[in-house]
Amino acid sequence: MNELKTRRRSVLAGLMLAGAMAAMPAMAQDKPLIKLGFIGPISGGNAAQGLGAQNGFLLAIEQANASDYPYKVEPVVLDDASDPQTGVAAALKLVNDPEVIAATGHWNSPVALATMPVFNRFQMPMIVWGAISPKITEQNLPEITRVTPTLVTENKPLAEWAATGLGAKKIAIVADTSDYGVANTEAFRGFFTEAGGEIVSEDLFPVGTIDFRTALTKLRDGGAEALYFGGVIAEAGILRKQMAEVGLDIPMIGISGFYDPEFIALAGDAAEGTMVSYPAAQSNPKQDQLMADYAARGFAEESSPYTKYAYDATNILLESIAATGIEDKAALAAAIRGISHDGALGVTTFDANGQTQIPVEIEIKEVKGGAWVTRTE
């Protein structure tokens, strides 16, 4: 008799558990699976930027999965190694996976420009989290949007500050020959001359150049009061070190493309006094919360300046997917373009070309005592 009662209680408990599970709303195991892609430099000289952005991407997805988000989201992280060919291979891997719905990508403009046609051809939405060439959004591909400002919006206030705050009337330009370097050269030249300054020389070198000494020696007696560099971290560090070696004792300035501790490691003591523009930090409780959540998560890497950009880009994708579903790619791309997202960057909206409309103010970062600090004068 007791055995019969025990069996009845066991059956009843099982039925109650099954009923409870059937009544539960869309638990994680019942949610449809989707994937989101991330591409960036997570190896090589620019890895610090890519890893910080990657972690912002992962954090946004982890938070969505811990919420009542209608899909189970799986991250797909791929390395572009700051190389266009590697980036295209990564993009092709994403667009050929039917479970990947959208992506965020790229710190380097040449890599972004190389992969954009792939995302466009497969109609997969991709939000740029780092690359700043104007050409990216000038093409107005419906799948491509960008949460970072362009290099134009950084070069203008930097050029005006160089002519007034720095007081340099004659500046030499050194840049690389990539789209990024050429665009920087053109933008800074135009804005600096408009501000009353004079460009005394322009020297452009291929990406990967490791010896600038001949050009720098010529500049030493050319009357330049500052040197503007229009490239990124590795070449910037080498250039600054070689400026000291040839006795070219003038300030080096640039936009945020080489605002990174790795620049200081490469340039050594010669990095001292280098100045760059960087979008000014805005008072934003959501950005403060992001940094607190990032610290609590315990990532192996420190956050980078691009963590917040990748974090917001990912949340914009998530929000748009939740609103439109995953069946209509064109509708999803249109939803991204039409969004008003209140996030760590502020309220992000996009113009007709997919470029963020958040206004940009800059602050000047300077190397002092072996570290980047905000210049206060």
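Eleven nonpolar, eight polar and two charged residues make up the lining of the second largest pocket in this predicted model. Here Ala, Val, Leu, Ile, Met, Phe, Trp, Tyr, Cys and Pro count as nonpolar, Asp, Glu, Lys and Arg as charged, and the others, Gly among them, as polar. The second largest pocket has a volume of about 320 Å³. Its lining holds 21 residues, and Asn46, Trp107, Asn108, Pro110 and Val232 lie nearest its centre. Helix 4 gives the largest share of this lining, three residues. Helix 4 and helix 9 (233-245) each supply at least two residues. Helices (H or I, at least four residues) and strands (E, at least two) are DSSP runs, numbered from the N terminus.

Pockets and cavities are both found on a 1 Å grid over the protein atoms alone. A pocket is an open set of points with protein on both sides within 12 Å along at least five of seven lines. A cavity is a set of points where a 1.4 Å probe fits but cannot get out. Lining residues have an atom within 4 Å of a point. Grid points are joined across faces, edges and corners, and a volume is the space filled by probe spheres set on the points.

The model has two cavities of 30 Å³ or more. The table sets them out.

| Cavity | Volume | Lining by class |
|---|---|---|
| Largest cavity | about 50 Å³ | six nonpolar, two polar and one charged residues |
| Second largest cavity | about 30 Å³ | seven nonpolar, no polar and two charged residues |

The lining of the largest cavity includes Ile132, Thr148, Tyr278 and Tyr306. Among the residues that line the second largest cavity are Val174, Ala175, Asp176 and Phe205. Strand 6 (residues 170-176) gives the most to that lining, with three residues.

Where does Tyr306 lie? Tyr306 is in the loop between helix 11 (285-297) and helix 12 (307-324). Tyr306 counts as buried because its relative accessibility is 7%. Buried means under 20% relative accessible area, exposed over 50%, and partly exposed in between (1.4 Å probe, protein chains only). Leaving aside neighbours within four places in sequence, Tyr306 is in contact with residues including Gln49, Trp107, Thr148 and Ser256. Contact means heavy atoms within 4.5 Å.

Thr150 sits in another loop, between strand 5 (144-146) and helix 6. Thr150 is buried, with a relative accessible area of 10%. Not counting residues up to four places away in sequence, Thr150 touches Ile132, Pro134 and Gln355.

Now take helix 7 (residues 179-194). Its 16 residues should span 22 Å at 1.5 Å a residue, and its end C-alpha atoms are 23 Å apart, which agrees. The expected span is 1.5 Å times one less than the number of residues. Buried residues of helix 7 include Tyr180, Ala183, Phe188 and Phe192. Among the elements that cover its buried residues are helix 4 (109-121), helix 6 (151-164) and strand 7 (198-205). Just after helix 7, Gly196 takes a positive phi of about 100 degrees.

How far can the model be trusted? The mean pLDDT (the predictor's confidence in each residue, from 0 to 100) is 91. In all, 91% of the residues reach 70 or more. Over residues 1-28 the pLDDT is below 50, and this stretch has two contacts beyond near neighbours in sequence.

Residues are numbered from 1 along each chain as its sequence is written, and side-chain values use heavy atoms, with hydrogens and water left out. In this predicted model, local features need pLDDT of at least 70, side-chain atom pairs count only at pLDDT 80 or more, and totals for chains, interfaces and linings use all residues.
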